Amino acid sequence: MIDRPAHDGRAGARSRELFERAARHIPGGVNSPVRAFSSVGGQPPFIRRAHGCTLETEDGASLIDYVCTWGPALLGHGREEVVDAVCEAARRGLSFGACAAAEGEFAALICASVPSMRDGMVRLVNSGTEATMSALRLARGFTGKTKIIKCDGGYHGHADLLLVAAGSGAATLGIPGSAGVPEGAVRDTLTVPFNDAEATAAALTAHRGDVAAIIVEPIAGNMGCIPPAPGYLQELRRLATEHETVLIFDEVMTGFRVALGGAQERYGVTPDLTCLGKIVGGGLPVGAYGGRRDLMSTIAPLGPVYQAGTLSGNPLGVAAGLKTLQLLIEEDPYGSLERTTRKLVEGLAQASATHDIPVQLAHVGPMFGLFFTARPVANYEDAKTSDLARFSTWHAGMLERGVYLAPSQFEAGFLSTAHDESTIERTLAAAAQVFENL
Ligand code: KE4
């Protein structure tokens, strides 16, 4: 093992060996592409253990984690009450494939917490992808319409109909954004810029009477972190109602993160359907979609829209999600999370300004974004003006100083309740050094 500081998170000999071994049998050595560090260079450190806001790597480094397993670890890694709940459930059986009491309890608590589900229903699935895929099928089945509108740069999982390249104009038909996605699968998917209600209105007008759904991340978290412009979400709500189009908030990332009731609670805009993932499973594979009772009553076995899943609502995911939700309700950490994140973001702004590094910073609750550009960032086009080479140097510099950031400019950063004052101070000390050398 080369002599390196205990906090140096770059892949050492052990991680490199494990990466080489993984790559023999797993495409790219990873089970999800972004983990390969392709867009920032270098190799990923392998994680041996995670606790609180700390990751321990196989090379013995201890890192401050701002990925939080892409959002789920809002209560920190390995929160004892959640682990205990999962272990207790596991001892009763890993999966029944049959009805169990905790599912109804969990569904009731989700519906009580998420405004769009308050008088409605929710269906548990196993990932955010399943949640959005199912919600869109439901919107099409309920309305009998075929087109869907999404935002350029919005990511809603990897279902074919959502893997669409950005449309050149608001009303252009979708073109595949991935090999293996046939033209027909995206022909009815329209893309518009985020934060552009006019373009959305134009797409609805161009396809009047045939747009089943608008699906949007209410806070864009897959092009960095971009908050909604004032009035944007309210206008989408008005347009969807006017056109009898289902408004779907993809809150897989923002759900239970930016408020207990997600972005829809924070901004006071209630969609017709909401997709959840990440935190709803407390770190286990759980997704969910739900909302208006008339819509959800169209789902099998009540109605003609089919959706199913062997492990949907399984006892372990329900145990983790239910306990996580109960703790969030009991502890209400949102004020503290807001203050801690603001301290981080303000500190980063100050450090970058000290070294004349043009950055755009944004945060909503405990999710934040940093772009290396002088141009204000309101949508994906703006985000793409970020200096990606500079981002890579930033990412590597922070990793070398013990701070583990998402390995892509187009991802958001996440805090947990385990990030405390000293965590932020250590992060800002590292950032000052990296900005100085950028
Ligand atoms: P999953 O199928 O990965 O559980 O969820 C898909 C999804 C849906 N909607 C939103 C807003 C999402 O952010 C995601 C997944 N997010 C990515 C990171 N931005 C997960 C990380 C990964 O792909 O490895």
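Trainee: How many nonpolar, polar and charged residues does the shell around the ligand have?

Mentor: The shell has five nonpolar, seven polar and four charged residues. Ala, Val, Leu, Ile, Met, Phe, Trp, Tyr, Cys and Pro count as nonpolar, Asp, Glu, Lys and Arg as charged, and the others, Gly among them, as polar. This is a predicted model: local features need pLDDT of at least 70, side-chain atom pairs count only at pLDDT 80 or more, and totals for chains, interfaces and linings use all residues. Residues are numbered from 1 along each chain as its sequence is written, and side-chain values use heavy atoms, with hydrogens and water left out.

Trainee: Which residues of the shell are closest to the ligand?

Mentor: A residue is near a molecule if one of its heavy atoms lies within 4 Å of it. Here 16 residues surround the ligand, and the closest are Ser32, Thr129, Asn222, Asp250 and Glu411.

Trainee: Which polar side-chain atom lies 2.7 Å from a nitrogen atom of the ligand?

Mentor: Look for polar contacts (pairs of N or O atoms within 3.5 Å). That side-chain atom belongs to glutamate 411. Lysine 278 places a side-chain N or O atom 3.0 Å from a ligand nitrogen. Tyrosine 155 uses its backbone instead: an N or O atom there lies 3.5 Å from a ligand nitrogen.

Trainee: How much of the ligand's accessible area does the protein cover?

Mentor: Accessible areas come from the Shrake-Rupley method with a 1.4 Å probe. On its own the ligand has 530 Å² of accessible area, and the protein covers 85% of that.

Trainee: Which domains supply the shell?

Mentor: Domain bounds come from an automatic or database domain assignment. Here the assignment gives domain 1 (13-78 + 333-437) and domain 2 (80-331). Each gives at least three residues to the shell around the ligand.

Trainee: How many residues of domain 1 are in contact with domain 2?

Mentor: Contact means heavy atoms within 4.5 Å. By that test, 30 residues of domain 1 are in contact with 30 residues of domain 2. The C-alpha centres of the two domains lie 25 Å apart.

Trainee: Is cysteine 53 buried or exposed?

Mentor: Buried means under 20% relative accessible area, exposed over 50%, partly exposed in between (1.4 Å probe, protein chains only). Cysteine 53 is buried at 9%. Cysteine 68 is buried too, at 2%.

Conventions
Polar contact = N/O pair within 3.5 Å; in protein donor to acceptor, adjacent residues only side chain to side chain.
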